[in-house]
Amino acid sequence: SRKSFGPGTEKYRELGTVSNLLVFNRLGTLPTRNFQAATFEGAAAIAPQALGGIQRRTRASCAACTIGCEHIFELTDSRSQAPPGNEMEERLAGGVRLEYESLFALGSLCGVSDPRVILEAAALCDAWGMDTISTGATVAFAMECAERGLLAAPGLRFGNGRALLDTIRAIGERRGLGDLLSGGTRAAAAEIGGGAADFASHVKGLEIPGYEPRALGTMALGFAVGTRGADHNRSGAYQVDYSQAVDRLDVGPDAVRLAIETENEAAVMDSLILCKFLRGVFDDRMAAMAGMLELVTGWDVTAAELRETAGRIVTAKKWYNIRQGWTPAEDTLPRRFFEQPLPDGPGRGAVVSEAKLQRMVASYNLARGWTAEGWVPEERLVDCGLMGTGVRELCGAV
């Protein structure tokens, strides 16, 4: 408890996760206008330090949490772009919880720099029960499609706050264009055609969160191999890129091992129901988690045993995907990241090398005890206690 209340979590108490926005913008890793850029000229206007016309109302937390990262914002004027007397006004009156991922997805990714619009968009997503990352990414994708002439939606342009709010509502109601977008970027791109799949920002159908793969080489691998798709909560590889352990613009072989370590840590933390923001509190996270587990259960558990457990967890997820029809071709990124260099930021000119990424994916798979292509051998399934009828057929007859 004392450690969790220390300097390692201070920024989350004081500013919440939105505190990441200006740092990521300075480092050139802030996805902007559907990943067409990595810096946003309107970042200062929507940063937590200067949310124009908005003030923090209160702070909330999970039960018994000492961090309190949830920040609730209230609006200090009445310039709502939503029709009066509807559920939006009621939600805004009660305040809006804003996280970095919501801020980036509904802000820079859509080119929107009006903080009130972003808060209204977040509130509308909450009202409809829609994920803010997937929603913002899908609208940003639609904006680019419209600007390219692939969609007949004249007002759907980057920076148009009204269009953002209207499209979110249309998605929630599955009305008009919203019906097309309601299945996310992968499904929409398949229907739109015209090369839209090349810039649809998803991996395995899950929209990419607020980390630019061309400027974060280890995270690019984490996204590509993720069993759930592009999920920053299952792979914390961006931690490696933001450290001194690698050159994030030109990662080496060590990035594979380090990416696996962050993925293992996430698997264990989720299993123990621990907050991910505790990562910065402990010097040796696995050893600390083993110690906590022993205190609660009395089990004599070591850090090495937790790593083995994490490996079994990830392998079980991989096996499930294989059973559902996964193929090695899915462990990749949208073509934009291979073909379009970053136009701005410290990583200007950077692209993800497709050949290098595939070599890293193969190394990752082998390190997991799978084949280079990503199939799970029978012996690995036996080790994980997952052996069952038809395993050879399900796992590619390896």
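Let me start with a term: on a 1 Å grid over the protein atoms alone, a cavity is a set of points where a 1.4 Å probe fits but cannot get out, and a lining residue has an atom within 4 Å of a point. Volume here is the space filled by probe spheres set on the points, with grid points joined across faces, edges and corners.

Before we go on, this is a predicted model, in which local features need pLDDT of at least 70 and side-chain atom pairs count only at pLDDT 80 or more, while totals for chains, interfaces and linings use all residues. Residues are numbered from 1 along each chain as its sequence is written, and side-chain values use heavy atoms, leaving out hydrogens and water.

So, how many cavities of 30 Å³ or more are there? The count is two.

The largest cavity has a volume of about 40 Å³. Its lining is Met269, Leu274, Leu278, Arg279, Phe282, Arg285, Met289 and Met292. Helix α14, residues 285–297, gives the most, with three residues. (Helices are DSSP runs of H or I, at least four residues, numbered from the N terminus.) By class, that lining has six nonpolar, no polar and two charged residues. Nonpolar means Ala, Val, Leu, Ile, Met, Phe, Trp, Tyr, Cys and Pro; charged means Asp, Glu, Lys and Arg; the others, Gly among them, are polar.

The second largest cavity comes to about 30 Å³, and around it sit Gly222, Val225, Ser235, Ala259, Ile260, Glu263 and Tyr364.

Helix α11 (residues 217–225) and helix α13 (residues 254–272) pack at about 60°, their axes 9 Å apart. Axes are lines fitted to C-alpha atoms, for helices over the stretch in contact, and angles run from 0 to 180 degrees between N-to-C directions. The pair is therefore oblique, the class left over once under 35 degrees is roughly parallel, over 145 roughly antiparallel and 65 to 115 roughly perpendicular. In contact, meaning heavy atoms within 4.5 Å, Thr218, Leu221 and Val225 of α11 meet Ala255, Val256, Ala259 and Glu263 of α13.

And what does α13 cross at roughly 90°? That is helix α15, residues 303–323, with the axes coming within 9 Å. This makes α13 roughly perpendicular to α15. Among the α13 residues in this contact is Glu263, and Arg307 is one of those from α15.

Terms used
Helix = DSSP H or I, 4+ residues; strand = E, 2+ residues; numbered from the N terminus. 1 Å grid on protein atoms, 1.4 Å probe; cavity = no way out; pocket = protein on both sides within 12 Å on 5 of 7 lines; lining within 4 Å.
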